[in-house]
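Please read the points below with the model open beside them.

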Amino acid sequence: GARALAMGEAFGPVADGAEAIYWNPAGLAQLRTPQLSYTRSEFLQFFHHDFAAFAQPLPSFGTLGISFTHLSQDSLPVVSNSNITLGRFAPHSEAVAIAYAHAFPMDDSEGKNLRYFGQSWSLPGAYHPFTDHDFWAGALAVGVSLKVLQESLYQRNTSAVAVDGGVLFKPVALEDLSLSFVLRNLGSKERFIAY
């Protein structure tokens with residue numbers, strides 16, 4: 001997405017759209033309406049990167065998402081050892097991902113007490129002031145993405161399966177703070193095989 005690229009790819013803690021499938025799958029849990037996203041990037045005039053994603057929130061269940069990534073390159077000549085052009089080929093790679101995320105609200109007992117009792121409550125011989133909110137109270141989201149990768153380079157192909165996982169936490173006490181943790185590309189290694 002253009003926003004993520006403009007932020008220097010520091011997008012994990014604020015990922016909140018369909019692009020979250022790529023940056024931090026946990027961010028999908030923040031969606032309230034279906035979202036479709038498409039981005040095309042051009043690099044050095046001959047590398048082409050396409051990314052499409054769709055995410056659908058499911059009431060009381062979480063959010064499901066799917067994405068497709070395609071990286072291609074303009075065709076290159078196939079040249080023999082004797083400098084004879086034998087044809088052309090175009091390297092390319094694809095990735096298809098399916099993601100799921102769910103939000104878990106964290107209980108805010110101090111905030112509830114503050115709203116009910118006011119600034120403090122007291123018992124004989126005891127005084128207990130309330131803080132604004134429990135620090136750990138807020139919204140916790142967890143997400144996972146399973147993806148299948150495929151690459152082609154002239155007469156060789158490779159494929160792999162990988163998993164991405166993410167956690168996103170936004171505390172109630174600090175509205176401007178967003179904490180995230182992401183693990184990416186855990187899975188099998190790619191090995192090119194001639195066909």
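1. Terms for the strands. Two strands pair if DSSP finds at least two bridges between them. Helices (H or I, at least four residues) and strands (E, at least two) are DSSP runs, numbered from the N terminus. The model is predicted, so local features need pLDDT of at least 70 and side-chain atom pairs count only at pLDDT 80 or more, while totals for chains, interfaces and linings use all residues. Residues are numbered from 1 along each chain as its sequence is written, and side-chain values use heavy atoms, with hydrogens and water left out.

2. Strands 1 and 2. Strand 1 (35-43) and strand 2 (47-58) run antiparallel and are joined by nine bridges. Ser-37 has Ala-53 in strand 2 as its bridge partner. The two strands form a hairpin with three residues between them. In that turn, Leu-44 has a positive phi of about 55°.

3. Strands 2 and 3. Strand 2 also pairs with strand 3 in the antiparallel sense, over twelve bridges. Here Phe-47 has Gln-73 in strand 3 as its bridge partner. This pair, too, forms a hairpin with three residues between the strands.

4. Is Ser-60 buried or exposed? With a relative accessible area of 80%, Ser-60 is exposed; the scheme calls a residue buried under 20%, exposed over 50% and partly exposed in between (1.4 Å probe, protein chains only). Pro-59 lies in the loop between strand 2 and strand 3 and is exposed as well, with a relative accessible area of 76%. The C-alpha atoms of Pro-59 and Arg-32 are 9.0 Å apart, with 27 residues separating the two along the chain.

5. Strand 9 and strand 10 (residues 156-171) run antiparallel, with 16 bridges between them. Val-144 stands opposite Gly-165 in strand 10. Their hairpin has two residues between the strands, and Tyr-154 takes a positive phi near 60° in it. Strand 10 is in turn joined to strand 11 by seven bridges, again antiparallel. Ala-162 stands opposite Gly-187 in strand 11.

6. Asn-185 is placed in strand 11. Its phi is positive, about 60°, although Asn-185 is not a glycine. At 48% relative accessibility, Asn-185 counts as partly exposed.

7. The largest pocket. Its volume is about 600 Å³. On a 1 Å grid over the protein atoms alone, a pocket is an open set of points where a 1.4 Å probe fits, with protein on both sides within 12 Å along at least five of seven lines; lining residues have an atom within 4 Å of a point. Grid points are joined across faces, edges and corners, and the volume is the space filled by probe spheres set on the points.

8. The pocket lining. Which residues lie nearest the centre of the largest pocket? Of the 29 lining residues, these are Tyr-22, His-49, Phe-51, Thr-69 and Arg-184. Elements that each supply at least two lining residues include helix 2 (20-23), strand 3 (62-73) and strand 11 (179-187). By class, the lining has eleven nonpolar, ten polar and eight charged residues.

9. Aromatic contacts. There are six aromatic pairs, counting rings of Phe, Tyr and Trp (its six-membered ring) whose centres lie within 6.5 Å; planes under 30 degrees apart are stacked, over 60 edge-to-face and the rest tilted. Phe-11 and Trp-23 have ring centres 6.1 Å apart and planes at 75°, so the pair is edge-to-face. This pair links distant parts of the chain, with Phe-11 in the loop between helix 1 (2-6) and helix 2, and Trp-23 in helix 2. Phe-11 counts as buried at 3% relative accessibility, and Trp-23 counts as buried at 12%.

10. Around Tyr-22. Phe-11, Tyr-22, Trp-23 and Phe-51 form one aromatic cluster. Arg-184 lies over the face of Tyr-22, at 4.2 Å from the ring centre. The rule for such a contact is that NZ of Lys or CZ of Arg is within 6 Å of the ring centre and within 35 degrees of the ring normal.

Key. Ala, Val, Leu, Ile, Met, Phe, Trp, Tyr, Cys and Pro count as nonpolar, Asp, Glu, Lys and Arg as charged, and the others, Gly among them, as polar.
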